[in-house]
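Reader: I would like to go through this model one question at a time. Which terms do I need before we start?

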Amino acid sequence: MPFDGGVIAAVATAWGEAAIAIIRLSGEGSAALADNFFRGARPLSLETPRRMILGNISDGADVVDQVLAVRFERGSSYTGEESVEVHCHGGMGAARRCLGLFMKGGARPALPGEFTKRAFLSGRIDLAQAEAVLGVIRARSDAELASSSRALQGELSACVRKLSGRLTSLLAEIEARIDFPDDVDGAEYAGFKTVAYETKEKTLALLERCRVGMTLRNGVRVAIVGRPNAGKSSLLNAMLESDRAIVTNIPGTTRDTLDAVLIHRGLAVTLVDTAGLRESTPASGAGVIESIGVERSLNAIKGADLCLLVVDVSSPLTGEDFAASEAALEKPAILAANKSDLRSVLADDELEALGNFTARLGVSAITGAGVNDLKNAVFEAVLGLASPSDGMMATGRMVNALEEAAKLMDDAARILGTSRCMDVAGSLLLEAAEFLSSLLGTDASEALLDEIFSAFCIGK
Ligand SMILES: Nc1nc2c(ncn2[C@@H]2O[C@H](COP(=O)(O)OP(=O)(O)OP(=O)(O)O)[C@@H](O)[C@H]2O)c(=O)[nH]1
Ligand SMILES: [Mg+2]
């Protein structure tokens, strides 16, 4: 695939105070470009590849920084192209000066994700691996890291290639017989059908692992909602085991939404504390602030994957609880019957009347009773009984492609088993194979690549 050549350059480490900063150059002529500024025992382009060389970066008059530099030959670098890395001192100053010199020397600033895009275009990695790079960079938990790392090592790609291989040989067999349908006996049809069906089952198994990986990658956003004083902020603090949100016995304490991330069993859970849902607020003074808060709470529900409705079991349910419940049930929701340390005035059927919740648990934000079960309920609501250690990093695009492929294989298997229209089954299987190869980026459009790589940061 052709791509915009030339040497690109960027700082590959995060900007900020740090021990070192790494500047990356990639493209034909990177080492020669670095030679203009690198002062070592020899020009960098004559040094042994993949070996760190001590030297200075100089602007011609002054030494800008003492650095370690390394060159990579085409075919053995991150991008697959000739590349150079310069490790200068961290912080903004040295990196910015060095980068500026390389630009002056003819490099152009790299676009977001352009190094990884070049690695893909040079064929060093496929698209599933390229997307896994972002998963590794962004991993918040060990489980997330492991699932991305597996995909980056090529495990996902290998599974997809194996499925493609099975489909391709099945297609070849079908095509060889397509012009002689009368010669094909029942046993052969059954054989074709079995292979199509088994390949679909294997695709579904991979899809399951990818769904886990996608959930780990995306994390889950949980809006904590309920009437004022139900104990939402207290529950957020209890789940985080930290005093993040202000808690008082004054109803209406929380005015604004507050996000905090909790990692539970490898799943990143973003908890969103919200203002208590009031039925009506005065149209002036503090009431105005509160009604804005309520509006934000409703928006938090819209932006959430899951809601946690908090009710106070020590006092009777009110219209506000029912209104909050209705709002929460816009999404899959868990009911936390809070203040279980106090005497409950709520019977089971009263809680049931609040609606259909994924799970209902008694908790106490004060004693911590039931809080871990609540975290488990959140985990199970999104991941069921899946184990994060089986997760395979995937994006929505990949999950979609696997779903479509499995559906097509299922249709093909059914046709082979009933109507025996081999040509129809063949074209369905061919389409399924195309969905599988789209996972690896075969024939990916420039627009899709732009969309994927623009999510990366500069220098990746
Ligand atoms: N006994 C008991 N008190 C609790 C519990 N959870 C919260 N509280 C108390 O209930 C009061 C309100 O708690 P908050 O966490 O501020 O309630 P909230 O739902 O965030 O309230 P708003 O922000 O006003 O909507 C505080 O006095 C808490 O100490 C609990 O599990 N047991
Ligand atoms: Mg609060």
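Author: Buried means under 20% relative accessible area, exposed means over 50%, and partly exposed lies in between (1.4 Å probe, protein chains only). This is a predicted model, in which local features need pLDDT of at least 70 and side-chain atom pairs count only at pLDDT 80 or more, while totals for chains, interfaces and linings use all residues. Residues are numbered from 1 along each chain as its sequence is written, chains are lettered from A and ligands numbered from 1 in the order in which they are written, and side-chain values use heavy atoms, with hydrogens and water left out.

Reader: Where in the chain do Ser-233 and Thr-254 lie?
Author: Helices (H or I, at least four residues) and strands (E, at least two) are DSSP runs, numbered from the N terminus. The pair ties together parts that are 21 residues apart in sequence, because Ser-233 lies in helix α8 and Thr-254 in the loop between α8 and β9 (258-264).

Reader: Is Ser-233 buried or exposed?
Author: Its relative accessibility is 8%, which is under the 20% limit. Ser-233 therefore counts as buried. Thr-254, at 16%, also counts as buried.

Reader: How many salt bridges does the structure hold?
Author: A salt bridge is a side-chain nitrogen of Lys or Arg within 4 Å of a carboxyl oxygen of Asp or Glu. Salt bridges that share partners join Lys-200, Glu-201, Asp-410, Asp-411 and Arg-414 into one network. The number of salt bridges in the structure is 29.

Reader: How many residues apart are Arg-227 and Asp-321?
Author: The two form a salt bridge, with the closest N and O atoms 2.5 Å apart. Arg-227 sits in the loop between β8 (220-226) and α8 (232-240), and Asp-321 in helix α10 (residues 319-328). The pair links distant parts of the chain, at a separation of 94 residues.

Reader: Are Arg-227 and Asp-321 buried or exposed?
Author: Arg-227 has a relative accessibility of 10%, so this residue counts as buried. Asp-321 has a relative accessible area of 1%, so this one is also buried.

Reader: Which part of the chain holds Asp-348, the salt-bridge partner of Arg-360?
Author: The side chains of Arg-360 and Asp-348 meet at 3.4 Å, N to O. Arg-360 lies in strand β13 (residues 359-362), so the pair ties together parts that are 12 residues apart in sequence. Asp-348 lies in helix α11 (residues 348-352).

Reader: Is Asp-348 buried or exposed?
Author: Arg-360 counts as partly exposed because its relative accessibility is 34%. At 52%, Asp-348 counts as exposed.

Reader: What is the order of the strands in the open sheet of six strands?
Author: Two strands pair if DSSP finds at least two bridges between them. Strands β9 and β13 stand at the edges, each with a single partner strand, so one side of each has no neighbour in the sheet. The pairing is mixed, and the order is β9-β10-β8-β11-β12-β13.

Reader: What distance separates the centres of domain 1 and domain 3?
Author: Domain bounds come from an automatic or database domain assignment. The protein is divided into domain 1 (8-125), domain 2 (132-216 + 395-440) and domain 3 (221-388). Taken over C-alpha atoms, the centres of domain 1 and domain 3 are separated by 50 Å.
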